[in-house]
Amino acid sequence: MVESCIFCRIAQDNLPSHKVYEDDKILAFLDKYPLARGHVLIIPKAHVSNIDELSGEDAQALFHTLFKLTKAVQRGLKTGSTTIGINNGPDSGQEVPHLHLHIIPRFPGDGGGPVHAVMRQRPSVNDEEMLQITKAVKENISA
Ligand code: AMP
Ligand code: ZN
């Protein structure tokens, strides 16, 4: 629990929220300033800033909740599409430094873009760099 963290305070019931799901590890609630009707946030109750700090157990619990809630949100909001995302770290535009998954319902003609819209241009990466990047990622996979 981090006293200054708004999502920790929500998890502790010290700030009001519209909860849609809760278990011992996970909480999900409506985004207060939604990008669409039914915009849901899922958090681990234990404070971590980003995925790097997340335990394997909480990662499993988080994804399992995402799996359940995506279907519930889509059925509840009567749509077949959602955009799912994490702003993971300050350079990604993360504003609340307590890890959270966004489930954003999508509707025909809603004016939104795909996740690719987060970047305006694509870097050109040559074959040699692709190989180096592949190696760098593979070498850093941990349990
Ligand atoms: P991010 O930029 O990924 O850190 O997103 C933070 C999200 O938290 C935004 O979509 C905000 O609308 C949302 N938010 C901020 N304060 C609250 C709050 N008190 N209750 C629910 N959602 C909030
Ligand atoms: Zn927190």
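A residue is classed as buried when its relative accessible area is under 20%, as exposed when that area is over 50%, and as partly exposed in between (1.4 Å probe, protein chains only). The structure is a predicted model, in which local features need pLDDT of at least 70 and side-chain atom pairs count only at pLDDT 80 or more, while totals for chains, interfaces and linings use all residues. Residues are numbered from 1 along each chain as its sequence is written, chains are lettered from A and ligands numbered from 1 in the order in which they are written, and side-chain values use heavy atoms, with hydrogens and water left out.

By the burial criterion, His-100 is buried, its relative accessible area being 6%. His-100 is located in the loop that runs between strand S4 (81-85) and strand S5 (101-106); helices (H or I, at least four residues) and strands (E, at least two) are DSSP runs numbered from the N terminus. When neighbours within four places in sequence are set aside, the contacts of His-100 (heavy atoms within 4.5 Å) are Phe-7, Leu-41, Ile-42, Ile-43, Gly-85, Ile-86 and Gln-94. Between His-100 and Val-48, the C-alpha to C-alpha distance is 9.4 Å, although 52 residues separate them in sequence.

The zinc ion (ligand 2) is coordinated at 2.0 to 2.2 Å by Cys-5 (SG), Cys-8 (SG), His-47 (ND1) and His-98 (ND1). Donors are N, O and S atoms within 2.8 Å of the metal (3.2 Å for Na, K and Ca); water is not among the atoms, so sites may look incomplete. The arrangement is tetrahedral because the 4 donor atoms subtend angles of 105 to 117°, four donors being counted as tetrahedral if all angles lie between 85 and 135 degrees. The spacing of the donor residues in sequence is C-x2-C-x38-H-x50-H. Cys-8 belongs to helix H1 (residues 6-11) and His-47 to the loop between strand S3 (40-44) and helix H2 (56-76), so this pair ties together parts that are 39 residues apart in sequence. Cys-8 is buried at 1% relative accessibility, whereas His-47 is partly exposed at 26%.

The chain contains 3 helices and 5 strands, arranged along the sequence as α-β-β-β-α-β-β-α. Its C-alpha atoms fill a box of roughly 50 × 40 × 25 Å along the principal axes. Of the 143 residues in the chain, 31% are buried. Among contacts between residues at least 6 apart in sequence, 50% join residues at least 24 apart.

Notes:
Tetrahedral: all angles 85-135°; square planar, octahedral: opposite > 155°, others 65-115°.
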